[in-house]
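Here's a quick tour for anyone meeting this structure for the first time. Have a look at the sequence and the model, then read on.

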Amino acid sequence: MPPSSFRLATAITPVLGQVPQIAAVDVLVAGGGSAGCVAAIAAARSGARVLLVERHGSLGGIGTGVLDTFYGFYTPGPNTKVVGGIAQEVVDALTGRDAAFIRPNTYGAGGGVTYSPEILTLVWDELVAGSGADVLLHTMVIDVVVDAEGGDVTDVLLATRNGLLRASASVVVDCTGDADVCARAGAGYDGAETGEPVQALTTTFRVANVDTERARSFPKQELFELMAQAARNGDYELPRQEGSIHRTPVDGVSLANMTRVAGIDPTDVRQLTRAEMDGRRQVGEYVRFLRDLVPGYEKAGLVGLSSYIGVREARRIHGDYRLTADDVLSAQRFDDAIAQCGAPIEDHSGGTDTLWRYIPDNGVYDIPLRCLLPAGLNNVIVAGRCLSATHEAHASARSIAQCMAMGQAAGTLAAMGGASRAPLREIDVAALQRRLRGDGALLGLKPSI
């Protein structure tokens, strides 16, 4: 095809022929978080040649760099399990090392799998390497090459310690969280850049020397009232006057999800820089509050900060279908289901508290494949928090268990597309669903307890 039929997404990108090619693969997965790791594993196990690229020095994304609990595996109420497959393999690997346990959610949103982030980092290394996928860490997607005639992303441009490199792929799975591949390729999306609301950001932290039993016996409502009173008195700057602090697999160590940095566009580097620094400043205030006023934390000391600030929402792609709040709250089922979810809508848009809206009767809804297919792009599929959804629906579907389930579907479909060279939208959805069920995914089935 003549060079004129290709376009680079930005004017600053050098001519394609001047950029060394590092790989030519069936499937390139951009982003090594929970969704990206599972996508790479699923694609590689399906026989595809896979390259997984991750901008940080370790795999796991938010799951290892910010959090210590997987939510979304279970519904509220009876703790009905709705996610299996590779995600369950991860949980089994953690529990097999005594590095995880099930913990009730502070807000009754279903049991969470609390784990050691350090052990999870090792588990991701082992599972991804064991699948046969190739991995490049310290590697960031900065641009793409698009076939202007066909709507295919033919190459991904990568910034590395060795300079600018490119990788060619038959199928690209965008698991960047921020939909970086889709945005660079010209696909439509909603987010702060387009004037849409996005959720607040959070820097998490860990404290040691906690008297765990005394801390657990202090009622959460009293903790929240104490926060509000301390903020009203002007003694502490606490923008969020609720949140959670919970035990971890390490005795005497607790992790807090309390800070709140609102009004930030996470795709703007200056705003994100300010958010990082403000989040860390807030940590100091919350630690001081805990030590001064909360039983069990009198001797607590700060021993860990999240590797970077936690982003809940940035860009949401325009997909073939957009998941809505009505879909969530009515427990909607879809013929092209590739994952399911029972998590409530959990909106951290701003203010001192969080909006919770629960699915009636502990219901479960489907995430359809069409939410992972960006309009206008033929060989790109997304997984994770950049799925096609409204702001409210996204606040439910973004849970890590669902991100992993989406990753398994995306990686499996990508391998099918890479092998057949068929456009992703032409691949038989029923065949994809059969493969997913065969690999342990829970969909279209009565959930198990």
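Predicted model: local features only at pLDDT ≥ 70, side-chain atom pairs only at ≥ 80, totals over all residues.

Residues are numbered from 1 along each chain as its sequence is written, and side-chain values use heavy atoms, with hydrogens and water left out.

**Confidence**
- The protein's mean pLDDT (the predictor's confidence in each residue, from 0 to 100) is 93, and 95% of its residues reach 70 or more.
- Residues 1-5 stay under 50, with 7 contacts (heavy atoms within 4.5 Å) beyond four places in sequence.
- Residues 445-449 are also below 50, and that stretch has 10 contacts beyond near neighbours in sequence.

**Salt bridges**
- Counting a side-chain nitrogen of Lys or Arg within 4 Å of a carboxyl oxygen of Asp or Glu as a salt bridge, you get 23 of them.
- Asp178 pairs with Arg385, with the closest N and O atoms 3.1 Å apart; the two sit 207 residues apart in the chain.
- Both Asp178 and Arg385 are buried (under 20% relative accessible area; exposed is over 50%, partly exposed in between, using a 1.4 Å probe and protein chains only).
- Arg214 and Glu298 meet in a salt bridge at 3.1 Å, N to O.
- Arg214 is partly exposed at 37%, and Glu298 is partly exposed at 38%.
- Asp336 bridges to Arg370 at 2.8 Å between the closest N and O atoms.
- Asp336 is buried at 9%, while Arg370 is partly exposed at 30%.

Key: Helix = DSSP H or I, 4+ residues; strand = E, 2+ residues; numbered from the N terminus.
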